Amino acid sequence: MTSDEALSTAIAAVPTRILGPSGERVPVFALGSWNTWDRMSRDTAVTLVRRARAVGAAFFDVGNYNLGPHAEGARTDILFGETVREAGLSRDDYLVCGKLWLWDYPNTAFADWMRDSLDRIGIDAADYVVVGDHLEPIDMRQVVLDVQAEIDAGRFRHWGINNWPYEEALLALDFAEAEGLTPPTFAQLKYSLARRSMAEGEFYGRLFAEGRLALQASDVFEGGILAGKTRPERKIGADVGGVREQIVASWPRVRDLAASFDATPAQLGIAFCLANPATANVLFGVSSFAQFEDALGALDLLDRVGADRLAAAATDLWVDRVVNPDGTWT
């Protein structure tokens with residue numbers, strides 16, 4: 001049996017959900033992180049991309065990490081573009097979600113950033129972008145206008161927001177709708193067994209319940225901690241609320257709960273996020289083919305155990321209750 005034939009056997013179809021009111025149906029998995037494509041060999045990356053395509057999970061989060069706090073000379077986006085081409089995927093075979101950072105906005109224009117980002121990947125357009133968070137006050141009305149200009153230029157079709165305070169998210173939604181512009185369709189928020197305050201809180205929860213946004217869960221493994229790597233060596237997301245050590249301390253309970261469901265901790269973490277009806281998509285990174293295969297088991301876990309039972313069983317693992325649910329930590 002050839003490697004391609006092996007990949008085509010025992011395929012578990014990844015379901016789709018709608019990524020917000022102005023979005024499209026996408027796989028419930030999105031693959032990507034700061035360093036996904038530079039943490040594995042090219043052969044492994046090619047095999048992984050082909051497998052993701054085969055199971056209907058070819059949705060890739062691909063960022064240009066060379067600005068502001070992310071100015072680290074990363075090549076992960078370049079490597080991704082090389083990988084999909086070597087894997088033989090056509091542009092219609094996969095979805096790309098890019099990044100629009102606000103760290104140097106408006107000095108770095110969206111048009112310049114997008115042209116450079118797309119060139120690095122080697123594609124003409126993304127499908128989605130996430131507009132990043134920020135530290136300084138920003139004119140959100142102008143952000144919406146500048147995003148619309150990029151949509152009109154054909155550089156992407158839909159957009160989301162990343163950990164914005166609720167009032168800014170509401171302003172962007174209201175302004176876009178009042179002006180007949182394209183509103184954000186999803187919010188990429190920290191969401192996991194441990195971090196739930198924003199995603200499940202009354203503010204963003206209201207936007208999800210009203211159908212104005214969908215949730216894309218990110219940082220679902222807390223840099224690997226919730227999958228068993230309790231002392232990550234690579235760069236991971238901000239420790240909002242200063243609760244990371246509590247998350248590390250919760251690891252034995254995460255491991256034991258997963259075992260009680262005959263599942264792995266990674267499967268538990270993904271299934272928990274998908275149990276929330278607001279979640280359209282779970283974004284996670286892997287560094288091996290085996291980790292992706294393991295993640296596929298989250299779908300079986302959710303089906304076997306059920307959303308209500310999973311959510312109830314994980315109640316005591318929530319540790320970021322001190323974080324403001326309106327997102328004003330940013």
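What share of the contacts in the protein with a separation of 6 or more comes from residues 24 or more positions apart? The answer is 79%. The legends below describe a predicted model.

Figure 1. The protein holds 13 helices and 10 strands. Its radius of gyration is 19 Å, close to the 20 Å that the globule rule gives for 330 residues, so the protein is as compact as a globular protein of that length. The C-alpha trace spans about 50 × 50 × 35 Å along its principal axes.

**Figure 2. The largest nonpolar core.** This core has 108 residues. Seven names stand out: Phe 29, Phe 60, Val 143, Trp 159, Trp 164, Tyr 204 and Phe 284 touch the most other members. Across the protein, 57% of the 330 residues count as buried.

**Figure 3. Close-up of Val 143.** Which residues does Val 143 contact, once neighbours within four places in sequence are left aside? They are Leu 102, Tyr 105, Phe 110, Val 131, Ile 138 and Trp 164. Both Val 143 and Trp 164 are among the residues that touch the most other members of the largest core.

**Figure 4. Surface and charge.** The accessible surface of the protein comes to about 13300 Å². Carbon and sulfur atoms account for 50% of that area. The protein carries 31 positive and 47 negative side chains. The centres of these two sets lie 4 Å apart.

How values were computed
Residues are numbered from 1 along each chain as its sequence is written. This is a predicted model: local features need pLDDT of at least 70, side-chain atom pairs count only at pLDDT 80 or more; totals for chains, interfaces and linings use all residues. Side-chain values use heavy atoms; hydrogens and water are left out. A nonpolar core is a set of buried Ala, Val, Leu, Ile, Met, Phe, Trp, Tyr and Cys residues joined through side-chain atoms within 4.5 Å. Buried means under 20% relative accessible area, exposed over 50%, partly exposed in between (1.4 Å probe, protein chains only). Contact means heavy atoms within 4.5 Å. Helices (H or I, at least four residues) and strands (E, at least two) are DSSP runs, numbered from the N terminus. The radius of gyration is taken over C-alpha atoms; the globule rule is 2.2 Å times the number of residues to the power 0.38. Accessible areas come from the Shrake-Rupley method with a 1.4 Å probe; for residues, only the protein chains shown count as cover. Lys and Arg count as positive and Asp and Glu as negative; His and the chain ends are not counted. The place of a charge is taken as NZ of Lys, CZ of Arg, CG of Asp or CD of Glu.
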